[in-house]
Amino acid sequence: MNPPRVSVLRGRRVALQVASMGTVLMVALGACSGDDGSAPSSTSTASSTTTTIVDPAELPDVDAAAANADLEYLDGGGAALLSMVDAVERATVSGAALDDAACTSLFDQLTAAGSPEELAALIRPIVDEVSRSSLEATRSAAVSLVATCQSGDVHTPASSGPEDAVAQGGRAAGLFRQRVSQMEEGG
Amino acid sequence: MTLRAVGAITAVLLALLVSAAPAGAQDQPITWWALGDSYSSGEGISGTERPSGGKPECARASGHNTGAKAWAVLARETLAEPRISSWAFTPCTGAISSDVEGQMNEAAAASAHASADIVTLSMGGNDILFGDVVRSCIDLEVSWSSISPGCNVGEATLRRRIEMLVGATPAEEGQYTGITLPTLYDDIAARVRSGGAVVVLGYPQIIEEVSRWDGWRRNVIANCEGVQSYDVGMLRSVAGYLNEQIAFAVQAADRRWSPKGIRFYWRDIASGVYETGDDPAQRHALCTEDPWLNGTSVGVTSGDWRYQRSFHPMQVGHRATGTWLSNWMRTDIGLDQMARPQELTSPSWDQLKNAAIPEMCTHPPTTLVDGKDVSLTPFQGYFELLRTLPNGQPGLVQGVPSDAGPLTAVVVSCNAGGVGWPDQVMFFKGQGEYHAHIDLYEGVDWEAAGMYAPGRNGIEGVWVRGAELEVYTTAELYNDMACCPSSAALLRMRAEGDGVRITSLEEDIGD
């Protein structure tokens, strides 16, 4: 039964419309630039329902069978992944560093969604490469964001690398949303 | 019956006679032990079997009752060498260097041979806990309460562990638990027959360079299979260093064991198989267009998922490795010599020790007595066949192939007064008659090989490999004093007609 699945995903996406638009702003301001035109800042557009993080022409084609399987999974056993994406989007919507309230909210939402290990296990069955990779990156960003909160220094990413978890989380979650939209529309 | 028909029947009969001739029938079976860790066992291939009684994490793509075949299985199949009739496949997921002794014992039982002619393996990655490090990189914490993003071990620590692996740094508790590679290689060599070969494979890079990722991955999500882009450089650098240090250890083992007729070979699958060039079609790490390794999701949909399969080569990678390796093995590891029958018909020491020999070392022709020229006074120097070399290795080798039949080669030590000369090698045939000799100083173009001369009395080993005699000797470089050669060389020579031809000379740098 497809209709309930689609309605659930669309419902969640509409609820996150504000967050997605915030993501566009953040991406435009904070994303690193690429040398092949794939940087979000040069390709992002905003509409009332979708956010384009990457020019779809630069992404692998959507395989219909994989899309169907993934959408069905996200509507069922993998639903916690949407909660994770939701949590990261809310935390990164402003593009600013997290304050205490945002940290607490993020922690609670992620804990409800599942541990990092459990979420990794939920990501594995995703067939579509872009969806799986963007979920992995969202999960990694969530880890970095929580670590930042736990370090007590909300202004400096706690990760060992130079990547800004806020920016990365916003981009990764945005790409996931874009891909889901693409899959729902059949490529 | 026509003449043509008679001719045809005769030809068929002749063909049958030729095919029934004992060519190869006397060959010794070659024994191959495939050992190693998960990169040898085929952990990344769906459908691996678990050996009974083995560790729970042990998985093997042996090809038994399954299509899952690791590179060693495929290399053997591709070689299609009937003389490799004895075989054991005992690598294991999670194996460290100190597990290899057990793998060899299992292989000995499985192959019904106490020693091997060919040993292949990859080993070292688990000793430095590389798998645990990669696992840490993808943040699989069980709670959000205590989080440490990215790899939990830095490059400096991993490099130090690698130095412990190769014995360059003492092992530190909690950092390293295995034995060192030099010890491992010596343990293996002790169970390899003379003329045999130990082939050590390295590891592939598991993740493509970030700069080569697709734009959406590089610029937007900065993540490959859960590994953050900022950790990729470190992982690649460590893998490169691991391969480099294993290569050095293999080359050192080759120097130790070549004089005893056992060769060690390093085969770099990172550059030889998985990343052979800059073209995207030549690159097969994760996050390339055509990855030959698993990400973290392999086997999920088929129900064959286990975490250990992650970051390991899948079947296509093993097939490419097996083909690449077999092409090299066919020509480079001396299968003919391994299969050579033990019974030799060339002259024994007793047959040649009193041979008549021509002028050598400025000494006139003479007849030897127990291998020595007893006619010489101390002022005239000396001449002696060395049945045993000063280092205890054999100086006499039987069964050197030639078109005059099997020969016996003996190292000669001689001079014309004063210090000893560079060694010579003398060949005997039949019932002990002199056949030919070669002066390693006069008869070899050392300059062309970037060296000056062989060391005085410098031969440290002689053995037969294939159709050739191989001689391992110390070697002088241009700035060396004559007393003190600083290098070594491997000479290959072939007995042809009435003489001996040098076929190659190379400074010994291992593989």
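In the predicted model, A61(B) occupies the loop that joins α2 (38-41) to α3 (71-79) of chain B. Its relative accessibility is 0%, so A61(B) counts as buried. Leaving aside residues up to four places away in sequence, A61(B) touches S41(B), G42(B), I45(B), T48(B), A68(B), K69(B), A70(B), V73(B) and F89(B). The C-alpha atoms of A61(B) and S46(B) are 8.5 Å apart, although 15 residues separate the two in sequence. K69(B), one of the residues that A61(B) touches, also forms a salt bridge with E77(B), in which the closest N and O atoms are 2.7 Å apart. E77(B) counts as partly exposed, with a relative accessibility of 42%.

S97(B) lies between β2 (86-89) and α4 (100-111) of chain B. A polar atom of its side chain is 3.0 Å from the backbone oxygen of I179(B). Beyond residues up to four places away in sequence, S97(B) touches M123(B), D127(B), Y176(B), G178(B), I179(B) and L184(B).

Helix α6 of chain B (residues 155-165) has L158(B), R161(B), I162(B), M164(B) and L165(B) as its buried residues. Viewed down the axis of α6(B), these residues fall within an arc of 155° and therefore line one face of the helix. They pack against α5 (130-137), α7 (181-189) and α9 (229-257) of chain B. About one helical turn separates E155(B) from R159(B), because they are four residues apart in α6 of chain B. Just after α6(B), G167(B) adopts a positive phi of about 85°.

Helix α9(B), one of the packing partners of α6(B), comprises 29 residues. From its first C-alpha to its last, α9(B) reaches 42 Å, close to the 42 Å expected at 1.5 Å a residue. Of its 29 residues, 21 are buried, so α9(B) is largely enclosed by the rest of the structure.

Over all chains, the structure holds 30 salt bridges. One of the pairs in chain B joins the side chains of R494(B) and E468(B), at 3.2 Å from N to O. R494(B) belongs to strand β17 (residues 487-496) and E468(B) to strand β16 (residues 468-476) of chain B, so this pair ties together parts that are 26 residues apart in sequence. R494(B) counts as partly exposed at 27% relative accessibility, whereas E468(B), at 14%, counts as buried. Elsewhere in chain B, a network of salt bridges links E208(B), E209(B), R212(B), R236(B), E275(B), D278(B) and R283(B).

Chain B and chain A bury about 3200 Å² between them, of which 59% is on carbon and sulfur atoms. On the side of chain B, the residues losing the most area to chain A are W144(B), W216(B) and V220(B), which together account for 28% of what that side buries. The contact draws 31 residues from chain B and 49 residues from chain A. Three salt bridges are found across the interface. A salt bridge joins the side chains of E129(A) and R217(B), with an N to O distance of 2.8 Å. Between the two chains, 15 residue pairs are in polar contact. Helices α8 (215-221) and α9 of chain B each supply at least two residues of the side of chain B that touches chain A. The largest share of that side, seven residues, comes from α8(B).

For chain B as a whole, the model contains 13 helices and 18 strands. Of its 511 residues, 56% count as buried. Among contacts in chain B between residues at least 6 apart in sequence, 64% join residues at least 24 apart.

How values were computed
Residues are numbered from 1 along each chain as its sequence is written. Chains are lettered from A and ligands numbered from 1 in the order in which they are written. This is a predicted model: local features need pLDDT of at least 70, side-chain atom pairs count only at pLDDT 80 or more; totals for chains, interfaces and linings use all residues. Side-chain values use heavy atoms; hydrogens and water are left out. A polar contact is a pair of N or O atoms within 3.5 Å; within protein, one must be able to donate a hydrogen and the other to accept it, and residues adjacent in sequence count only if both atoms are side-chain atoms. Contact means heavy atoms within 4.5 Å. Buried means under 20% relative accessible area, exposed over 50%, partly exposed in between (1.4 Å probe, protein chains only). The arc is that of the directions from the helix axis to the C-beta atoms. The expected span of a helix is 1.5 Å times one less than its number of residues. Buried area is the accessible area (1.4 Å probe) that two parts lose on being put together, summed over both. A salt bridge is a side-chain nitrogen of Lys or Arg within 4 Å of a carboxyl oxygen of Asp or Glu.
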